[in-house]
Amino acid sequence: MATTSFPDASPRKKKAAIPVPPARREAAASGALRGAAPAGACTAHASPEDLVVTAAEPEFARQFGLNADEICGHHLLDLLRSPVPARLQEQFIALSAGRLRRFTESVTGRDGTGGEFRADVTAVAVRNSAGAMAGVVVFLRRTADGVSAGPALSALDARVLEGVAKGESTVQLASRLYLSRQGIEYRVGQMLRRFDAPNRPALVARAHALGMFAAGQWPPRVLPERVR
């Protein structure tokens, strides 16, 4: 049984740009894609083996703060994030394995300034004249609330983030917020994943870059508009 593996989701490029063969370009323009593109969508092509972007319209690349050459070599799962990451990955696996012809999913992406945007993505499997998988075409369309001012935190998560920014340990945070150490670690771990940060210092730096904290204030305070 054929399997498809995917690399860990990191923002760095994994491979150099891969030229799109003529056969793939012809397949992408074939009847298999007629009617597949949502209105106002921009397009990228990816390899079915590893979901590396092989070609993209300039408008698609611009959503991520890149140009059409720079985005080649990036993995789709690095660029697109779902509220249920496992589901997005499973759907791409099924698409690449031929068990699914197309799917549509709501995702978020990150633009060149570090801000998040929301979009709907439709992925379509493209086959060549022999019926073999030739590629994956992705249509990206920003939704009406397309650009987000940045992530919003619960009141408790905001207090945890403030403590991390102040340099408090897990034990100190747990004592001050009347939580267990496991509860603090869980909340910090959730924010690490959400902010795509590998550790606590990177989490704080990322939050600062996104304008989460009030400027020039110590101890750090998360802005009220970033608390839901």
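Let's start with one residue. Cysteine 42 is buried, with a relative accessible area of 5%. Keep in mind that this is a predicted model.

Where does cysteine 42 sit? It lies in strand β1, residues 42-46. Set aside the neighbours within four places in sequence. Cysteine 42 is then in contact with Glu57, Glu59, Phe60, Gln63, Val138, Phe139 and Leu140. Take leucine 140 from that list. Cysteine 42 and leucine 140 are 98 residues apart along the chain. Yet their C-alpha atoms are separated by 5.3 Å.

Let's step back to the whole chain. It has eight helices and five strands. Along the sequence, the pattern reads α-β-β-α-α-α-β-β-β-α-α-α-α. The chain has 228 residues, and 45% of them count as buried. What about contacts? Residues 24 or more positions apart account for 54% of them. The accessible surface comes to about 11800 Å². Carbon and sulfur atoms hold 54% of that surface.

Next, a pair of helices. Helix α5 covers residues 155-166, and helix α8 covers residues 200-209. Their axes come within 9 Å. They cross at roughly 110°. Angles of 65 to 115 degrees count as roughly perpendicular, so α5 and α8 are roughly perpendicular to each other. The crossing is left-handed. Which residues of α5 and α8 make the contact? From α5, they are Leu161, Val164 and Ala165. From α8, they are Arg200, Leu203, Val204 and Ala207. Six of the contact residues are nonpolar, none is polar, and one is charged.

Now some backbone details. Look at leucine 51. Its phi is near 60°, a positive value in a residue other than glycine. Leucine 51 is found in the loop between β1 and β2, with β2 at 53-56. Is leucine 51 buried or exposed? Its relative accessible area is 1%. Buried means under 20%, so leucine 51 is buried.

Compare aspartate 196. Phi is positive here too, at about 55°, although aspartate 196 is not a glycine. Its place is in the loop between α7, residues 181-194, and α8. Aspartate 196 is partly exposed, with a relative accessible area of 27%.

One last stop, in the segment after α8. Proline 219 has its place there. The peptide bond from tryptophan 218 to proline 219 is cis, with omega near 0°.

That's the tour. Thanks.

Note on methods. Residues are numbered from 1 along each chain as its sequence is written. This is a predicted model: local features need pLDDT of at least 70, side-chain atom pairs count only at pLDDT 80 or more; totals for chains, interfaces and linings use all residues. Side-chain values use heavy atoms; hydrogens and water are left out. Axes are lines fitted to C-alpha atoms, for helices over the stretch in contact, and angles run from 0 to 180 degrees between N-to-C directions. Helices (H or I, at least four residues) and strands (E, at least two) are DSSP runs, numbered from the N terminus. Angles under 35 degrees count as roughly parallel, over 145 as roughly antiparallel, 65 to 115 as roughly perpendicular and the rest as oblique. A crossing is left-handed if the near helix is turned anticlockwise from the far one by less than a right angle, and right-handed if clockwise. Contact means heavy atoms within 4.5 Å. Ala, Val, Leu, Ile, Met, Phe, Trp, Tyr, Cys and Pro count as nonpolar, Asp, Glu, Lys and Arg as charged, and the others, Gly among them, as polar. Buried means under 20% relative accessible area, exposed over 50%, partly exposed in between (1.4 Å probe, protein chains only). Accessible areas come from the Shrake-Rupley method with a 1.4 Å probe; for residues, only the protein chains shown count as cover.
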